Amino acid sequence: MISALQRPYHGIFPVAPTIFDDNGRLDIEGQRRAIDFMIDAGSDGICILANFSEQFLLRDDERETVMHTVLDHVAGRVPVIVTTSHFSTEICAERSRRAQEAGAAMVMIMPPFYGATLRVSEPGIYEFFRRVSDAISIPIMIQDAPMAGTSMSAAFLARMAQEIANVSYFKIEVAGTAAKLRNLIALGGDAVEGPWDGEEAITLMADLDAGATGAMTGGAYPDGIRRIIDPYVAGNREEAAAAYERWLPLINYENRQCGPIAAKALMKEGGVIKSEVVRHPLQSLHPETRKGLIEIARRLDPLVLRWGG
């Protein structure tokens, strides 16, 4: 694989959880430890302030604290993607400018939406990304996720890649991801610098077959995802498929049973962090659900359960 510090960015870019103490306050030392673990576990890069980072539960000043803490601590070891999504074009552009100034390699942005019903038309989405692109000089990854409730066709995404300077990466995590990735790559050509897989890699093999060059997963076991992607990139599809079959139960348990709490629970279990608290109104895992997560993980012996010593 190409170096994680060279574009185009390829490989495993897991989402870092935001670490809190038992009282729900930012745990800066715990955040640094989580980042160090993720790098040691083989991450090619890291994404922060995403939905799996509980970004919607952070104050603006806390977002700034997390961003600067992580970027300063990483200190160029791997590229860092900063999520800057907001409904307001102006606020999103300003967040993206600040991320670039702080050292972000890329920003990730969902199309603008608010609540269950407030959506933006295709011309409005196009202009939103054009204005954000005009405000920065680093790549933009468009996050095509069900949370936004916004349908964006492969043809529309490809057109934005071809016509908007910094739109060049796409995290696709909607139903039928593989088919959409194939269409996006065919329509966008060289303008699509990074067609990526998401949703904790639950459809990773199909998406790799469709041409995905990156995966944005949960943050707890990049070493496991690497065992799938590395042989695939090296041309050993059978080895990659076998690894996918081994790790899929854990991927599925995270995706369908635990959500963003899985990474924190595994990091706490392995001594990476001291607290797995999520902010209210999110709820902690049911003890039996947590037990099932740890049981499945132990069968695979991921680094997260050993890193803390």
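Let's start inside the sheet of this predicted model: strand E7 (residues 140-144) and strand E8 (residues 167-172) run parallel and are joined by five bridges. Within this pair, Ile140 stands opposite Val167 in E8.

Where do these two strands belong? They are part of an open sheet of eight strands, with parallel pairing, in the order E1-E10-E9-E8-E7-E4-E3-E2. Strand E1 (11-12) and strand E2 (46-48) are the edge strands, each pairing on one side only.

Helix H6 (residues 177-188) lies across E7, E8 and strand E9 (194-197). Two other helices, H8 and H9, pack with their axes 8 Å apart. Here are the two angles:

| Elements | Angle |
|---|---|
| H6 (residues 177-188) and E8 | about 165 degrees |
| H8 (residues 222-233) and H9 (residues 237-258) | about 160 degrees |

What does the angle between H8 and H9 tell us? Angles over 145 degrees count as roughly antiparallel, so H8 is roughly antiparallel to H9. The crossing of H8 past H9 is left-handed.

Which residues make this contact? From H8 come Gly224, Ile225, Arg227, Ile228, Pro231 and Tyr232, and they meet Arg237, Glu239, Ala240, Ala243, Tyr244, Trp247 and Ile251 in H9. Sorted by class, the contact of H8 with H9 has nine nonpolar, one polar and three charged residues.

Key
Residues numbered from 1 in each chain as written. Predicted model: local features only at pLDDT ≥ 70, side-chain atom pairs only at ≥ 80, totals over all residues. Heavy atoms only, no water. Pairing = 2+ DSSP bridges. Helix = DSSP H or I, 4+ residues; strand = E, 2+ residues; numbered from the N terminus. Contact = heavy atoms within 4.5 Å. Axes fitted to C-alpha atoms, helices over the stretch in contact; angles between N-to-C directions. Parallel < 35°, antiparallel > 145°, perpendicular 65-115°, else oblique. Left-handed = near helix turned anticlockwise from the far one by under 90°. Nonpolar A, V, L, I, M, F, W, Y, C, P; charged D, E, K, R; others polar.
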